[in-house]
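Morning, everyone. Let's look at one structure together and take it piece by piece.

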Amino acid sequence: MACLYSGVNVAKSKILIVDDEVSMREFLEIMLSKEGHKVSSAGSGKEALNMLNDTIYDLIVSDVQMPGMNGIELLRNVKEVCPDTTVIMITAYASTESGVEAMKAGAYDYITKPFKIDEIKLIIKNALEKKRLEVENLLLKREFRERYSFGNILGNSPEMLKVYDLIEKIGPTKTNVLVEGESGTGKELVAKAIHHQSPRREKPFVAITCGAIPDGLMESELFGHMKGSFTGAIANKAGLFEMADGGTVFLDEIGELPLAIQVKLLRVIQERSFRRVGGTEDITVDVRIISATNKTLEEEVKKGTFREDLYYRLNVLQIRMPPLRERLSDVPILARHFLDKYAKEHGKDVKGITTVAMRILEGYSYPGNVRELENVIERGVALEQGAQLSAESLPGFKQLTYIPPEGLDLEEAVGKYEKALIVSALDKVGGVKKRAAKLLNISFRSIRYRLEKYGLNTGEDSEEESDE
């Protein structure tokens, strides 16, 4: 049996007392229970080991001298079975040798009888706090590796290989980066991967969605404020740039940043300093800025909604995230990844994807990109009753692939689907045929033919369209 350590709550931990003296067991049990811990006890080393088959303890407090299996033997067994469990030894036989032996065997500390109550309380508190910090650090590092490395940016298409190559080259530099791509392509994952590849990897990564913060609060969120600087500023508050000092600031939806804040951001980039709202002190920070946009910032510059000087400061290095429709060869690996993820999350025994379902997934254009594929797989897993994800469980595809018992007219079914897509495209672009044709990747002549074919009267062509 192996113990998997799940974490430590210092205020309420699982503690096992092991001592052949009933009075000592009861004393420690009462004392630690009053401290808020969940305490169990065993009268021998063998009994303690049996209890470890059922429960994982945060801490074991054991006597050294016990009949049968002594405390040192128990300690060695505990370290084999549950290496992450902390052990404190108690002995009435004070000697340097016994202390050294216990520490060599993996004990956190040892206490000599008779001991002071405050002394043992402090040692136990420190032991649990140390374990909590170790576990917290381990979990943070694991999360960092899993979420911020290439592991979460999936795909082996030529388009994605170019992205990986750029991340490896750009990561170690200090230069600001602009990540461009449609919504749902994974721009934040790229930003985190760049941060992970940089010397700043141990420092904060602070993400800010510019479009999600009201204009009136944006400056305060980014740069902080002083008490009384505006209504509701009841205390001094550090901004996100200050919190990210030494690390990376990720500005998502940078195209949504108000012009007034763009000026202040430009100053931060140029001078590496800023002032809190209502403040008089210049605060200096060392941050790398990675921005992301689903807009074409060059067009925003021409419109006057984005500062040209800021654009060039942010766009020193650029990565373009390809839409999923440009790398459909990555759909199988992405689909299987999301299948495994949501099968575990929903407790479903779905272990594969049928050939028909995969062909449907590979043949779709994904206007919502990877995020849409993930949602499709999650809903499909939730609906699936079998061992493989079937076409019938794919939301939005069920009616398309359903064949009634009496059969169907293939040409009629395809025609209905084509007509529905054309109507949907026209609705999306306000009835402008030229734009609908572009959305459907067909010529203007082709869409006019189909409109006539299906009897869709959408009015006269615009002057621009008539010239086609």
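Which residues do ring pairs link into a cluster? They are Phe223, Phe241 and Phe274. Keep in mind that this is a predicted model.

Stay with the rings. The count comes to six aromatic pairs. Take Phe223 and Phe241. Their ring centres are 5.5 Å apart and their planes sit at 40°, so this pair is tilted. Planes under 30 degrees apart would count as stacked, and over 60 as edge-to-face. Now find the two residues in the chain. Phe223 is in helix H8, and Phe241 is in helix H9, residues 240-243. The pair therefore ties together parts that are 18 residues apart in sequence. Buried or exposed? Both Phe223 and Phe241 are buried.

Next, Ser220. This residue lies in helix H8, which covers residues 215-223. Its relative accessibility is 6%, so Ser220 counts as buried. What does Ser220 touch, leaving aside neighbours within four places in sequence? Its contacts are His225, Phe230, Lys237, Gly239 and Val277.

Last stop: two helices. H13 spans residues 331-346, and H15 spans residues 369-383. Their axes come within 9 Å and cross at roughly 45°. H13 and H15 are therefore oblique to each other. The crossing is right-handed. Who makes the contact? On H13, the residues include Leu334, Phe338 and Tyr342. On H15, they include Leu373, Ile377 and Val381. By class, the contact of H13 with H15 has eleven nonpolar, one polar and four charged residues. Among the residues in this contact are Lys341 of H13 and Glu374 of H15.

Note on methods
Residues numbered from 1 in each chain as written. Predicted model: local features only at pLDDT ≥ 70, side-chain atom pairs only at ≥ 80, totals over all residues. Heavy atoms only, no water. Axes fitted to C-alpha atoms, helices over the stretch in contact; angles between N-to-C directions. Helix = DSSP H or I, 4+ residues; strand = E, 2+ residues; numbered from the N terminus. Parallel < 35°, antiparallel > 145°, perpendicular 65-115°, else oblique. Left-handed = near helix turned anticlockwise from the far one by under 90°. Contact = heavy atoms within 4.5 Å. Nonpolar A, V, L, I, M, F, W, Y, C, P; charged D, E, K, R; others polar. Buried < 20%, exposed > 50% of the residue type's maximum accessible area, 1.4 Å probe, protein only. Phe/Tyr/Trp six-rings, centres within 6.5 Å; stacked < 30°, edge-to-face > 60°.
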